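Here's a quick briefing for anyone opening this structure for the first time. Have a look at the sequence and the model, then work through the notes below.

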Amino acid sequence: LSGPEQNRTVQEAIAHAARLLEAQGLAYGMRDARRLMTAALGVKSDRLTLHLRDTLSPEVAEVFWRFCERRAAREPVSRILEGRLFYGRWFKIGPEVLDPRPETEILVEQALKATFQNVLDIGTGSGCIVITLLAERPDATGLATDVSEGALRIASENALALSVGDRLQLTVSDWFKDVDGRFDLIVSNPPYIRSSEMEDLEPEVLNGDPHIALTDFADGLTGYRELAAKAQAHLTSGGRILVEIGPTQADDVVRLFMQAGFKTCSVHKDFDGRDRVVEAFAAIL
């Protein structure tokens, strides 16, 4: 991709890039082009309109069209920009972590509907869930685990950038293996895509996200079995666990938690009305 000579303003370059991206089969060419231009200019998104009539400098044009070429190759905008907004905060991402999805904000919203003093995040990735919860609850503390040291490095950077680093402990752990203590709240977004579904994913997901964060390379329920079996040993009396699920997994996940002795379970839907989060309450000791 490149910008023709007559596209000399920021606005003209955005419009031309949008057409080229849409010609490559991308449905949101204008939105993507605006986000990429905002980054190329180094301005905040709400300031872009102030620059639309500016002449596009050669230096900015070079960066912008390089971004557009990557997007045309189906690289997600968040990967190009090495971060994205989640619950109103900017989170750094990298190849080691899952790109946070808007649907995961449903889990955060549900978690914030009740009080908690400490929270455990299993498989934290970028840390977007637990860091957001701590940012919203200044008196709470947290522990975040992941099997990937690279993921924990990114989570640590995000925690420091969002001023919760002094309240968040990060630990390398395979599920609950190296976790001690009890928590009022446990959260997790485990890999839930069935191995048979991987080939149907969009290129942005299949080629962008680490596969270990997407799938258990089995039936998509491995993580929930582990969480259901061991979470109560790490929950306070009547504590909660919230997990993100695939939209067809609610019945299976609820059954796993109920069979493990959780007293009640509920299912919360996402913005499109699909089952997205299962919430389970531990027995009162």
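Leaving aside residues up to four places away in sequence, Asn158 touches Phe91, Lys92, Ser126 and Ile131. Keep in mind that this is a predicted model. Asn158 belongs to helix 7, which covers residues 149–161.

**Around Asn158**

- Is Asn158 buried or exposed? Asn158 counts as buried because its relative accessible area is 3%, and the cut-off for buried is under 20%.
- Trp90 sits 68 residues away from Asn158 in sequence, yet the two C-alpha atoms are 8.4 Å apart in space.
- One of the contacts of Asn158 is Ile131, and Ile131 is itself among the buried residues of helix 6.
- Helix 6 is mostly covered, with seven of its nine residues buried. Those are Cys128, Ile129, Val130, Ile131, Thr132, Leu133 and Leu134.

- Seven strands make up an open sheet, in the order 5-4-3-6-7-9-8 and with mixed pairing.
- Which strands sit at the edges? They're strand 5 (168–172) and strand 8 (264–269), each of which pairs on one side only.
- Going from one strand to the next, the twist averages 15°.
- Helix 10 packs on this sheet and touches strand 3, strand 6 and strand 7. The direction of helix 10 makes about 170° with that of strand 7.
- Helix 11 (residues 250–259) packs on the sheet too, touching strand 7, strand 8 and strand 9. Its direction makes about 155° with that of strand 8.

**How the strands pair**

- Strand 6 takes in residues 183–188 and is mostly covered, as five of its six residues are buried.
- Strand 3 and strand 6 run parallel and are joined by four bridges. Here Asp121 has Val187 of strand 6 as its bridge partner.
- Strand 6 also runs parallel to strand 7 (residues 235–244), and five bridges join the two. Ile186 stands opposite Ile241 of strand 7.
- Strand 8 and strand 9 (residues 275–281) pair in the antiparallel sense, over six bridges. Ser266 has Glu279 of strand 9 as its bridge partner.
- A handy thing to know when you look along a strand: in a regular one, side chains alternate between the two faces of the sheet.

**The second largest pocket**

- The second largest pocket holds about 550 Å³ of space.
- How many residues line the second largest pocket? There are 34, and the ones nearest its centre are Gly123, Asp146, Pro191, Ile212 and Ala213.
- Several elements give two or more residues to this lining: strand 3 (118–122), helix 6 (128–136), strand 4 (141–146), helix 9 (211–214) and helix 10 (222–230).
- Sorted by class, the lining has 14 nonpolar, 13 polar and seven charged residues.

**Two loop residues with positive phi**

- Trp175 isn't a glycine, but it has a positive phi of about 55°. You'll find Trp175 in the loop between strand 5 and strand 6.
- Phe217 isn't a glycine either, and its phi is positive at about 60°. Look for Phe217 in the loop between helix 9 and helix 10.
- Why does Phe217 count as exposed? Its relative accessible area is 55%, and exposed means over 50%.

Technical notes
Residues are numbered from 1 along each chain as its sequence is written. This is a predicted model: local features need pLDDT of at least 70, side-chain atom pairs count only at pLDDT 80 or more; totals for chains, interfaces and linings use all residues. Side-chain values use heavy atoms; hydrogens and water are left out. On a 1 Å grid over the protein atoms alone, a cavity is a set of points where a 1.4 Å probe fits but cannot get out, and a pocket is an open set with protein on both sides within 12 Å along at least five of seven lines; lining residues have an atom within 4 Å of a point. Grid points are joined across faces, edges and corners, and a volume is the space filled by probe spheres set on the points. Ala, Val, Leu, Ile, Met, Phe, Trp, Tyr, Cys and Pro count as nonpolar, Asp, Glu, Lys and Arg as charged, and the others, Gly among them, as polar. Buried means under 20% relative accessible area, exposed over 50%, partly exposed in between (1.4 Å probe, protein chains only). Two strands pair if DSSP finds at least two bridges between them. Axes are lines fitted to C-alpha atoms, for helices over the stretch in contact, and angles run from 0 to 180 degrees between N-to-C directions. Contact means heavy atoms within 4.5 Å.
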